[in-house]
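Here is a short briefing on a predicted model.

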Amino acid sequence: MDNDMLRRGSAEFFGTFWLTFGGCGAAVLSAAFPELGIGFLGVAFAFGLTVLTMAYAVGHISGGHFNPAVTLGLWSAGRCANKHVLPYIVAQVLGAILGAGILYVIASGRADWVPGGFASNGYGELSPGKFSLGAGFLAEFLATFFFLFIIIGTTSKGAATGFAGIPIGFALVLIHLILIPVTNTSVNPARSTGPALFAGGEYVGQLWLFWIAPILGAMVAGALAKWLYEPAGIVDTIVVEERAA
């Protein structure tokens, strides 16, 4: 692996680690105290803040995807090089698994702690609000569609790209405020994979939805954005390159 790819992969690894550890950590640790805990609102902000902080920390190295659906959505928009797609996704999944693993070690340090769902995503009986598979699929598809639409729009030529991390982070907050009762909010296959592996059982069995729905939503958004925005406006940014490169 060349040095540029190693740097990019490392940025995606650490960014996704922080997203999983910070967002899921808020749900597993802080939200476990109903009388003082942060609740849905706090968890939603935790996920948004992880993306916002890492977008500024390492976004200039890799583009700040931290999410396989974002990588594939940007690829479909012509905003991610072919050679970066697989290394990014591998780095993201590994970062999420390690983030979830370290969170598990910390959480299990409490004597009476029970893992439960461990901030995993689910539908049906595993949905916080017992929402159906169809409802979960549609919610994840639409939320990821608009998440990508916001990412592409705010990082395109003509937008205030230096501030793009702010609307992107707040978009993720809003998405969590909507989807936590439905699926516990994924819009990110890597984030879903890490906790599910530790929750085990049915959570792993339902993981397919949290890969397929977000990726489909992201790729449809990418294709639409490629048509809606001027091609030069989509590609001519600081942190992206031609897809064919």
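In this predicted model, a polar atom of the Asn67 side chain lies 2.8 Å from the backbone nitrogen of Ala69. Asn67 sits in the loop between α2 and α3.

**Asn67**
- Asn67 has a relative accessible area of 3%. That is under the 20% cut-off, so Asn67 counts as buried.
- Beyond its neighbours up to four places away in sequence, Asn67 touches Glu12, Thr16, Gln92, Phe147, Val187, Asn188 and Pro189.

**Helix α7**
- Asn188, one of the residues touched by Asn67, caps the N-terminal end of α7. A side-chain oxygen of Asn188 lies 3.0 Å from the backbone nitrogen of Ala190.
- Helix α7 spans residues 189–199. Of its 11 residues, 8 are buried, so the helix is largely enclosed by the rest of the structure.
- The buried residues are Pro189, Ala190, Arg191, Ser192, Thr193, Gly194, Pro195 and Ala196.
- Their cover includes α1, α2, α3, α4, α8 (202–205) and α9.
- Gly200 follows α7 and has a positive phi, near 70°.

**Nonpolar core**
- The largest nonpolar core holds 43 residues. Val28, Leu74, Phe147 and Leu148 have the most contacts inside it.
- At least two core residues come from each of α1 (3–28), α2 (39–62), α3 (68–76), α4 (82–107), α5 (133–154), α6 (165–183) and α9 (209–228).
- Phe147 contacts Asn67, Val70, Ile168, Ala171, Leu172 and Ile175, leaving aside neighbours within four places in sequence.
- In soluble globular proteins, nonpolar side chains tend to be buried together.

Terms used: Residues are numbered from 1 along each chain as its sequence is written. This is a predicted model: local features need pLDDT of at least 70, side-chain atom pairs count only at pLDDT 80 or more; totals for chains, interfaces and linings use all residues. Side-chain values use heavy atoms; hydrogens and water are left out. A nonpolar core is a set of buried Ala, Val, Leu, Ile, Met, Phe, Trp, Tyr and Cys residues joined through side-chain atoms within 4.5 Å. Buried means under 20% relative accessible area, exposed over 50%, partly exposed in between (1.4 Å probe, protein chains only). Helices (H or I, at least four residues) and strands (E, at least two) are DSSP runs, numbered from the N terminus. Contact means heavy atoms within 4.5 Å. A polar contact is a pair of N or O atoms within 3.5 Å; within protein, one must be able to donate a hydrogen and the other to accept it, and residues adjacent in sequence count only if both atoms are side-chain atoms.
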